[in-house]
Amino acid sequence: MSLQSSRIAALPAGVALRGRRALYVTPDPEPEGARIWFFTRLGGVSRPPYDTLNVSRKVGDDEGAVAENLLRIRGAMGDRPLSWVRQVAGDGVVEVSEGGFAGEADALITSEPDLCLTVGVADCVPVALVGEEKVGMVHSGWRGTLAGISSKAARRMGGGGLKAYIGPCIRQCCYEVSPELAGEFARRFGGAVVSGRHLSLPGAVRRNLEEAGVEEVVDLGLCTGCRPDLFFSHRKQKPVTGRSLAAVARVGG
Ligand SMILES: [Zn+2]
């Protein structure tokens, strides 16, 4: 553990903080046959308000700092190749077989071992899907959640026998939306996902995953709004903040 991590408040049960430079949280125990990295904001070189492990070149951060952050992140992921998309808050799912830019989409799936599927987040829900032969990574904001992107990705992977891992995201405690949007979510996913105007995006994602027959949904239970010590939050750190990387890969053995 680095010095940095000794200043971090407690984590929920079932979550481990790992990494030597770029720090990430991951389910503990980790799934069989896959690795999951939900990177924190810790262990990079960006200055405030991007401090420190920002991965986005579109938020005004220094280009050299982002490049160094990505280098550290790649190191934490064993220097495996990585695949990324231009996220458009839609419901597009792309299947990839090699590293590099994979077009406009908000979910990636692959059967290729040691290929890291990545999305960038700062409040939106990152969902890692792990099957026997494929893995998937989903970026699910409110639009994508309403459009059912997690279930679409799960169905593309074959539906049954999947496990899903809901990463750090903004939770009901910190996410107030318009009455109209709260009503739309209640109609779509049931009244339990809203409390007044407070929306549980991870709760809606869980319902959506269950609709697709996902066998087990593990929610890491971390709120980006409540934990500025660990995560960027687009809502809580206005007007500008960084983005974190979330990734999954199949691993041999
Ligand atoms: Zn919160």
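Trainee: How many helices and strands does the protein chain have?

Mentor: The protein chain has five helices and 15 strands. Keep in mind that this is a predicted model.

Trainee: Thanks. How would I read the overall size, and what radius of gyration does the protein chain have?

Mentor: Set the value beside that of a compact globule. With 253 residues such a globule would be near 18 Å, and the protein chain has 17 Å, so the two agree. Along the principal axes, the C-alpha atoms fill a box of roughly 45 × 40 × 35 Å. Buried residues make up 50% of the 253. Of the contacts with a separation of 6 or more, 59% join residues 24 or more positions apart.

Trainee: Now the sheets. What should I have in mind when I look at one?

Mentor: Strands of a sheet pair through backbone hydrogen bonds, either parallel or antiparallel.

Trainee: In which sense do β4 and β6 pair?

Mentor: Strand β4 (residues 82–86) pairs with β6 in the parallel sense, over three bridges. To find the spot on screen, look for Ser-83, whose bridge partner in β6 is Gly-100.

Trainee: And what is the strand order in the open sheet of six strands?

Mentor: That order is β5-β7-β10-β9-β11-β14, and the pairing is mixed. At the edges stand β5 (93–95) and β14 (216–219), each with a single partner strand, so one side of each has no neighbour in the sheet. Neighbouring strands here are turned by 15 degrees against each other on average, direction ignored. For an antiparallel case, take β9 (residues 125–130) and β11 (residues 163–166), which pair over four bridges. Within that pair, Leu-129 has Ala-164 in β11 as its bridge partner.

Trainee: Which strands do helices α3 and α5 lie across?

Mentor: Helix α3 (residues 149–156) lies across β5, β7 (107–110), β9 and β10 (135–140), running at about 165 degrees to β10. Helix α5 lies across β9, β10, β11 and β14, at about 165 degrees to β14.

Trainee: Is α5 (residues 201–211) mostly covered or mostly open?

Mentor: Mostly covered: nine of its eleven residues are buried. Among them are Leu-201, Val-205 and Leu-209.

Trainee: Which residues have the most contacts inside the largest nonpolar core?

Mentor: Leu-129, Met-137 and Ala-247, in a core of 73 residues. Beyond its neighbours within four places in sequence, Met-137 is in contact with residues including Leu-108, Leu-117, Val-119 and Val-248.

Trainee: Last, the backbone. Where are the cis peptide bonds from Asp-28 to Pro-29 and from Asp-51 to Thr-52?

Mentor: Pro-29 is in the loop between β2 (24–27) and β3 (34–39), and omega of its bond is near 10 degrees. Thr-52 is in the loop between β3 and α1 (63–76), with omega near -10 degrees. Look at Ala-89 too: its phi is positive, near 55 degrees, and it lies in the loop between β4 and β5.

Conventions
Residues numbered from 1 in each chain as written. Predicted model: local features only at pLDDT ≥ 70, side-chain atom pairs only at ≥ 80, totals over all residues. Pairing = 2+ DSSP bridges. Helix = DSSP H or I, 4+ residues; strand = E, 2+ residues; numbered from the N terminus. Core = buried A, V, L, I, M, F, W, Y, C linked by C-beta atoms within 7 Å. Buried ≥ 20, exposed ≤ 12 C-beta atoms within 10 Å, placed from the backbone. Contact = placed C-beta atoms within 7 Å. Rg over C-alpha atoms; globule rule 2.2 N^0.38 Å. Axes fitted to C-alpha atoms, helices over the stretch in contact; angles between N-to-C directions.
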